[in-house]
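Keep the sequence at hand.

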Amino acid sequence: MPHFGGNSIMKITIAEAGNHAGKEVTIGAWLANKRSSGKIAFLQLRDGSGFIQGVVVKSDVGEEIFQQAKSLTQESSLYVTGVVQEDSRSPFGYELSVTGVKVIAEAVDYPITPKEHGTEFLMDHRHLWLRSRKQHAVMKIRNEIIRATYEFFNEKGFSKVDPPILTGSAPEGTSELFHTKYFDEDAYLSQSGQLYMEAAAMALGKVFSFGPTFRAEKSKTRRHLIEFWMIEPEMAFYEFEDNLEVQEQYVSHVVQSVLKNCQLELERLGRDTSKLEHIQAPFPRITYDEALKFLHEKGFDDIQWGDDFGAPHETAIAESYQKPVFITHYPTSLKPFYMQPDPERGDVVLCADLIAPEGYGEIIGGSERIHDYELLKQRLEEHNLDLDAYKWYLELRQYGSVPHSGFGLGLERTVAWISGVEHVRESIPFPRLLNRLYP
RNA sequence: UCCGCAGUAGCUCAGUGGUAGAGCAAUCGGCUGUUAACCGAUCGGUCGCAAGUUCGAGUCUUGCCUGCGGAGCCA
């Protein structure tokens, strides 16, 4: 028997295999799948860093090790020792010529077999489903998007600021909030950190947040989660147009980073990368009025000025562009109280939604914020909001108010779009859905 | 909440009123380059739950439960 984990054989990860070609190494791994014949066996190994095939040849390892390899069960954990071989037949470029296998823990009757499964079954086994090649690839892309986000904002001089998750008042009156108790008081789970980020921008200039948000909406579509993650930048002295430029640069940077650093993952997902390659700033912009005219020309007669766009409308608009498209200057009545009116037209606000291509819907909502104290107070009253609860927010306009803008990007929709997965439930490790709180 | 579809073996499904089926998984055997490997055999069932129609219900009717797809709302 060969030795395992001893001093003479280096323990490496699969991702590092290319640096050890021709050398004998040990890999801690799980058995994703296996195939075998009378005299050769193929072990599909994964260790989180990647996937590699182990080849066990009976005439090389002898009867005992060969029989052991043949009897391994799916998802058993192993220390596999072997020689790293460059091999053009492997999509990864390398194989492991196995010299020995040590079982750490045997897995009996792993539920997710290498065949097709339904959504309910896979979601019930989400804790195991994450191990599959496709889900692994989506999680790696999610991680790359997060990494590229920090990189982008750090390079641009932003500071990361963390708004609270437990809040006493509703940032927006529209969405349903999760209610909880804060000792004897009522409290709500945050559905946006924006108002706090505005305060932070007055302290630190350019800031961004990255955290979970909660919407108790009975939404049941491929674009909705109950708990999802948002990136919310807020910038002092940035006006409407400055805001759009940050957004298109940020989204472009994220897409290009994934293209550069996640090639294997995109390939494994079968993503058509040609549709991502030209995602470069600037992005097209159309106003709400222009979008409405376009929709009427397309034959949508179910919508008139002052109505919000539905999913079919957004998709129709997105389909006529190769890039994400900004829809700007929505009617004031459709948008939250804090958005700055267009100085040339009081009935629309300086806002923009960014609609992703290929039917993934709105990935960003943003606007210039009202910085005039009297106007903001008036809007709060118009929306029947409690002035006491918003006292601190109004004070931002009393002490050195400046023009400022910001936006919120929905991480899961962005992951789903870039990965090309159909549903946002696959773009977060443990999705919280209308009828699912477990696992 | 509304509209539509579905629930049969561990998984994916076929079975439209007359003996409960297939592929995969599992178990055993065969196979020296497999890529959801393949070939042979074995094992595997409260047909979502309840009531009804019928000589007879997986199949038809009603109610309920669960899930999926979409809508509204939103990122």
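**Around the RNA**

RNA strand B has 47 residues around it, and N33, R35, E95, K115 and R413 come nearest. Here a residue is near a molecule or strand if one of its heavy atoms lies within 4 Å of it. The model is predicted, so a caveat comes with it: local features need pLDDT of at least 70, side-chain atom pairs count only at pLDDT 80 or more, and totals for chains, interfaces and linings use all residues. Residues are numbered from 1 along each chain as its sequence is written, chains are lettered from A and ligands numbered from 1 in the order in which they are written, and side-chain values use heavy atoms, with hydrogens and water left out.

Look at the composition of that surface. By class it holds 20 charged, 17 polar and ten nonpolar residues. On the RNA side, 51% of the atoms within 4 Å of the protein belong to sugar or phosphate, and the rest belong to bases.

Which elements each supply at least two residues of the surface near RNA strand B? They are β2 (24–36), β3 (40–46), α3 (119–124), β12 (227–236) and β18 (361–368). β18 gives the most, with four residues. Helices (H or I, at least four residues) and strands (E, at least two) are DSSP runs, numbered from the N terminus.

Now the individual atoms. In S219, a side-chain N or O atom is 2.6 Å from a base oxygen of RNA strand B.

**Two domains**

Chain A is assigned domain 1 (10–105) and domain 2 (126–426). These bounds come from an automatic or database domain assignment. The contact takes eight residues from domain 1 and five residues from domain 2, where contact means heavy atoms within 4.5 Å. The domain centres, taken over C-alpha atoms, are 45 Å apart.

The size of an interface is often given as the accessible area lost when the parts come together. Domain 1 and domain 2 bury about 630 Å² between them, with 54% of it on carbon and sulfur atoms. Buried area is the accessible area (1.4 Å probe) that two parts lose on being put together, summed over both. In domain 1, R46, G48 and F51 lose the most area to domain 2, together 62% of what that side buries.

One salt bridge is counted between the domains. A salt bridge is a side-chain nitrogen of Lys or Arg within 4 Å of a carboxyl oxygen of Asp or Glu. R131 and E75 meet in a salt bridge through their side chains, at 2.9 Å from N to O.

The structure holds 22 salt bridges. One of them pairs R436 with D124, with the closest N and O atoms 3.0 Å apart. R436 lies in the segment after α14 (411–419) and D124 in helix α3, so this pair ties together parts that are 312 residues apart in sequence.

A cis peptide bond joins A281 and P282, with omega about 0 degrees. P282 lies in the loop between α9 (274–277) and β13 (285–287). Another cis peptide bond joins Y438 and P439, with omega about -5 degrees. P439 is in the segment after α14. F183 has a positive phi, near 55 degrees, and is not a glycine. F183 sits in the loop between β9 (179–182) and β10 (185–189).

Note on methods
A polar contact is a pair of N or O atoms within 3.5 Å; within protein, one must be able to donate a hydrogen and the other to accept it, and residues adjacent in sequence count only if both atoms are side-chain atoms. Ala, Val, Leu, Ile, Met, Phe, Trp, Tyr, Cys and Pro count as nonpolar, Asp, Glu, Lys and Arg as charged, and the others, Gly among them, as polar.
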